[in-house]
Amino acid sequence: MTTWFRTYYEDEDLWLYLEADEEGWVVRHMEIGGKDGRPRTAASLQEVLHLRDHADLAAMTRYEQQYGILAGAPLDGWQDRPGAAEITAEEFERLWAQARRVLGGGG
């Protein structure tokens, strides 16, 4: 079952929003600044895998510069982080679309 949740990193004043698959691996990931609310990253596993299989290193570098790097570890223990809470798919999609617009890639 897919889950969507958020957690807060106080040291960086950063909200992390994650979509995880049935096995707990990150499918999409966003980082949003706490004070300014500005998206910093919005990376997608599907896009990363497509670039890996069909593009070159330069294309992957451009993607990472624009959208950030996807979290690459299973998400054990996220529930214990400060501010951790499950969110709805609708909330995640709304934030995703906004982050992609800000970072220059549409929805």
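Contact between helix 1 and helix 2, taken as heavy atoms within 4.5 Å, involves E47, V48, L51 and R52 of helix 1 and A59, M60 and Y63 of helix 2. The residues of this contact comprise 5 nonpolar, no polar and 2 charged, where Ala, Val, Leu, Ile, Met, Phe, Trp, Tyr, Cys and Pro count as nonpolar, Asp, Glu, Lys and Arg as charged, and the others, Gly among them, as polar. The model is predicted, with local features requiring pLDDT of at least 70 and side-chain atom pairs counting only at pLDDT 80 or more, whereas totals for chains, interfaces and linings use all residues. Residues are numbered from 1 along each chain as its sequence is written, and side-chain values use heavy atoms, with hydrogens and water left out.

The axes of helix 1 (residues 45–54) and helix 2 (residues 57–67) come within 8 Å and cross at roughly 160 degrees; axes are lines fitted to C-alpha atoms, for helices over the stretch in contact, and angles run from 0 to 180 degrees between N-to-C directions. Helix 1 and helix 2 are therefore roughly antiparallel, a class assigned to angles over 145 degrees. Their crossing is right-handed, the near helix being turned clockwise from the far one by less than a right angle.

An α-helix has 3.6 residues a turn, so residues three or four places apart point the same way. Just after helix 2, G68 adopts a positive phi of about 90 degrees.

A positive phi, near 45 degrees, also occurs at D13, a residue other than glycine. D13 is located in the loop between strand 1 (3–9) and strand 2 (14–20).

The protein chain contains 3 helices and 5 strands, defined as DSSP runs (H or I, at least four residues; E, at least two) numbered from the N terminus. Their order along the sequence is β-β-β-β-α-α-β-α. Of the 107 residues in the protein chain, 36% are buried.

How values were computed. Angles under 35 degrees count as roughly parallel, over 145 as roughly antiparallel, 65 to 115 as roughly perpendicular and the rest as oblique. Buried means under 20% relative accessible area, exposed over 50%, partly exposed in between (1.4 Å probe, protein chains only).
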